[in-house]
Amino acid sequence: MEVDVSNSGAGVPTLLIDYGGVLTSSVPAAFANVCARFGVDLNGFMAACRMGHPDGPFAQLELGLDDVEFARVITPILTEHANDPVDGLAWVRELQKTSLDIDKTMLAAVADLIDNGVPTVLFSNSFGPLERYPWAQLPTFTDTVISSVVGMRKPDPRIYEIALQRCGRPAHECVFVDDSEANLAPARALGIRSIHHQDPATTIAELNAIFG
């Protein structure tokens with residue numbers, strides 16, 4: 001499905017687009033698959049890591065924590081929730097492969113928007129070094145707001161303010177797409193129109209309704 005932006009003009013909104021889980025395959029599914037491969041109890045591990053908590057290890061990774069240090073932190077947690085010892089760095093490397101698992105349908109739709117003049121900002125909580133983003137496969141964004149670069153992460157309200165400053169548009173002239181409802185709430189509070197990405201067809205239909 002393609003997004004029709006043939007009628008877009010100078011007043012077209014700016015698109016703020018998440019990366020992991022929107023331009024890639026499902027992040028929760030990736031966690032589940034990798035935990036299964038390593039024999040790790042997913043629910044126990046996620047609870048022990050305090051997923052979503054700003055002081056949890058995954059939040060620190062998104063803020064730029066080194067892979068090796070992150071692996072050191074999660075290795076005992078992984079092992080605690082597995083039948084056998086788990087190599088944390090091997091687990092991390094396996095999970096990071098999902099960053100290359102591009103959703104071609106979503107990527108094509110976003111590339112079409114960009115080609116038709118829609119200002120588009122990549123707005124992402126990073127997962128490891130920036131060089132792990134497959135930049136050669138991605139379109140040329142108007143700008144990027146990456147958590148490890150700016151030193152804050154979604155859903156911290158401050159990072160949304162940074163995104164608005166970067167794109168130079170008021171909140172009501174922006175559209176934000178993310179797969180996490182928790183990340184959408186601060187955007188809505190600022191007046192940013194938000195789309196909860198759950199599958200490509202539905203998201204593209206919503207984008208088509210806005211930009212078509």
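**A helix pair and its surroundings**

Mentor: Helix α1 (residues 27-37) packs with helix α5 (residues 88-96) at an angle of about 140°, and their axes are 10 Å apart. Helices here are DSSP runs of H or I with at least four residues, strands are runs of E with at least two, and both are numbered from the N terminus. An axis is a line fitted to C-alpha atoms, for helices over the stretch in contact, and angles run from 0 to 180 degrees between N-to-C directions. The two helices α1 and α5 are therefore oblique to each other; under 35 degrees would count as roughly parallel, over 145 as roughly antiparallel, 65 to 115 as roughly perpendicular, and the rest is oblique. From α1, residues Ala30, Phe31, Val34, Cys35 and Arg37 make the contact, meeting Trp91, Glu94 and Leu95 of α5; contact means heavy atoms within 4.5 Å.

A word on the model: it is predicted, so local features need pLDDT of at least 70 and side-chain atom pairs count only at pLDDT 80 or more, while totals for chains, interfaces and linings use all residues. Residues are numbered from 1 along each chain as its sequence is written, and side-chain values use heavy atoms, with hydrogens and water left out.

Leaving aside neighbours within four places in sequence, Phe58 is in contact with Phe31, Phe45, Cys49, Met51, Phe70, Trp91, Leu95 and Phe127. With 6% relative accessibility, Phe58 counts as buried; that label means under 20% relative accessible area, with exposed over 50% and partly exposed in between (1.4 Å probe, protein chains only). Arg166, by contrast, lies 25 Å from Phe58, C-alpha to C-alpha, and 108 residues away in sequence.

Now for the cysteines. The structure has zero disulfides, a disulfide being a pair of cysteine sulfur atoms within 2.5 Å. Cys35, from the α1 side of the helix contact, has its nearest cysteine sulfur, that of Cys49, 8.7 Å away. Cys35 is also buried, at a relative accessible area of 1%. Cys174 is in no disulfide either, with the sulfur of Cys167 nearest at 3.7 Å. Cys174 too counts as buried, at 1% relative accessibility.

Cys174 leads us to the sheet, as strand β4 covers residues 174-178. The sheet is open, with five strands in the order β3-β2-β1-β4-β5 and parallel pairing; strands pair if DSSP finds at least two bridges between them. At its edges are β3 (143-146) and β5 (193-196), each pairing on one side only. Neighbouring strands are turned by 20° against each other on average, direction ignored. Helix α9 (residues 181-190) packs on this sheet, touching β4 and β5, and its direction makes about 170° with that of β5. Four bridges join β4 to β5, and Phe176 stands opposite Ser194 in β5.

Further along, five of the five residues of β2 (residues 120-124) are buried, so β2 is largely enclosed by the rest of the structure. Thr120, Leu122 and Ser124 point one way from β2, and Val121 and Phe123 the other way. Leu122 has Ile17 opposite it and Thr144 as its bridge partner in β3. Three bridges join β1 (residues 14-17) to β2, and four link β2 with β3.
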